[in-house]
Amino acid sequence: MNHKTNLFENGMIWFGAGVSIAEILTGTYFASLGLKNALLTILIGHVIGCVLLFFAGYIGGIARKSAMETTKMSFGQKGGLFFALMNVIQLIGWTAIMIYDGSLSANAIWNTGAWVWALVIGLLIILWIKIGITNLGKINTVTMTALFILTLILCKVIFFGRDSITAVSDDTMTFGAAVELAVAMPLSWMPLISDYTKEAEKPFAATLTSSIVYGIISCWMYIIGMGAALFAGTTDISVIMVRAGLGIVGLLIVVFSTVTTTFLDAYSAGISAESLTSKVSGKTMAIIVAIIGTLCAMIFPMDDITNFLYFIGSVFAPMIAIMIADFLVKADDSDKDFQWVNLLVWLLGFCLYRYLMTVDFVLGNTFPDIIITMVVALIARKLIAEKK
């Protein structure tokens with residue numbers, strides 16, 4: 001990006017990130033909890049996730065560094081490359097998943113073959129990348145306005161189109177697991193946010209706006225999914241769209257929400273790749289990621305993304321915990337190749353997260369993992385300072 005972004009632009013970026021078919025699909029899993037518990041878990045999870053999202057964006061915003069450049073402040077120049085690589089991998093995964101979900105849902109509304117829709121969505125994402133985030137301006141505003149209106153129509157159909165709702169029979173989701181699933185989506189954006197806030201005129205205000213806008217819209221998408229599952233008696237978003245009788249409106253929601261969200265994934269993969277090598281430009285890498293994601297969406301089945309979300313959590317939750325701890329004590333090790341102590345603390349946090357997945361804690365496993373990892377990181381910093 002070559003100009004300072006204002007609050008409106010930041011808000012629009014994260015509105016687009018929130019309006020997503022993947023978020024609606026994830027929301028369908030909550031239907032089995034019943035309306036009250038589903039709403040509560042969605043809210044608690046997003047508060048936890050968006051607080052972490054804010055810190056990640058603010059650290060990059062005031063340092064004027066991209067998301068993966070900020071990791072070098074805590075893990076060293078070469079140590080930070082590991083997280084850049086992990087981020088590129090997760091973003092390729094997200095690009096493929098988003099296109100896959102979008103193509104299946106679009107095909108259910110207008111049956112031309114899922115691979116055709118995957119190709120259409122992939123080409124639109126490449127077009128978005130070539131236009132560039134700073135030149136989208138009016139296109140983004142028009143698209144966001146249309147998506148806003150269309151999701152309002154979807155809400156009306158779901159919540160006001162019937163007198164009663166049908167319970168979805170599935171008791172596998174516990175309260176704690178549901179909170180974790182709500183945390184997972186904002187957490188997955190955490191390694192990306194400062195790619196956008198680093199260019200903000202007012203880093204604090206821009207990051208706060210981004211986090212709040214995304215949090216509200218993401219909750220809304222989860223609630224649409226949850227409500228749609230209750231209304232339609234199924235967690236299959238394609239069936240929900242068809243039963244709701246949305247037709248071309250549903251098709252537009254599916255295609256453009258997929259494009260506006262997945263564009264951010266591919267774009268940030270390009271920025272992260274620049275941290276790994278200077279031989280390929282960010283925009284070129286973003287296009288390559290979009291092509292790989294499109295091909296994967298056309299070839300591989302990706303119906304259950306919960307394990308993928310937990311993988312993201314286990315890698316990036318302890319990472320941001322350490323970065324927040326360093327931010328609080330104003331530590332910066334970007335002059336070192338490796339910050340071995342922090343890398344060891346991260347490994348402990350990673351193992352702790354995987355262990356906590358076996359424990360049904362009411363606030364999920366990200367929250368305790370973050371707190372414990374932060375405390376360990378702060379103690380480690382204090383011990384290092386005393387030795388010096």
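Contact between two residues means that they have heavy atoms within 4.5 Å of each other. That term is needed throughout this account of a predicted model, in which local features need pLDDT of at least 70 and side-chain atom pairs count only at pLDDT 80 or more, while totals for chains, interfaces and linings use all residues. Residues are numbered from 1 along each chain as its sequence is written, and side-chain values use heavy atoms, with hydrogens and water left out.

The confidence of the model comes first. pLDDT is the predictor's confidence in each residue, on a scale from 0 to 100. The protein has an average pLDDT of 84, and 90% of the residues score at least 70. Where pLDDT is low, the predicted coordinates should not be read in detail.

Next, the overall make-up. Helices and strands are DSSP runs numbered from the N terminus, where a helix (H or I) has at least four residues and a strand (E) at least two. The protein has 16 helices and zero strands. Of its 388 residues, 58% count as buried; buried means under 20% relative accessible area, exposed means over 50%, and partly exposed lies in between, with a 1.4 Å probe and protein chains only. Among contacts between residues at least 6 apart in sequence, 86% join residues at least 24 apart.

One helix pair can be followed in detail. Two packed helices are described by the angle between their axes and the distance between the axes. Axes are lines fitted to C-alpha atoms, for helices over the stretch in contact, and angles run from 0 to 180 degrees between N-to-C directions. Helix 6 (residues 114-131) packs with helix 13 (residues 282-299) at an angle of about 170°, and their axes are 9 Å apart. That makes helix 6 roughly antiparallel to helix 13, a term for angles over 145 degrees. Residues in this contact include Trp-115, Leu-119 and Ile-126 from helix 6, and Ala-286, Ile-291 and Met-298 from helix 13. By class, the contact has 11 nonpolar, two polar and two charged residues. Here Ala, Val, Leu, Ile, Met, Phe, Trp, Tyr, Cys and Pro count as nonpolar, Asp, Glu, Lys and Arg as charged, and the others, Gly among them, as polar.

Thr-260 lies in helix 12 (residues 248-276) and is buried, with a relative accessible area of 4%. Thr-260 and Gly-18 are 242 residues apart in sequence, but their C-alpha atoms are 9.2 Å apart in space. Leaving aside residues up to four places away in sequence, Thr-260 touches Gly-16, Val-19, Trp-128, Thr-143, Met-144 and Leu-147.

Val-362 is found between helix 15 and helix 16 (366-387) and is partly exposed at 47%. Not counting residues up to four places away in sequence, Val-362 touches Phe-175, Gly-176 and Val-179. Lys-198, in the loop between helix 9 (194-197) and helix 10 (203-232), is buried at 17%. Among the residues that Lys-198 touches is Arg-64, which sits in the loop between helix 3 (35-63) and helix 4 (67-75). Arg-64 is partly exposed, at 37% relative accessibility, and has a positive phi near 55° although it is a residue other than glycine.

Technical notes:
Angles under 35 degrees count as roughly parallel, over 145 as roughly antiparallel, 65 to 115 as roughly perpendicular and the rest as oblique.
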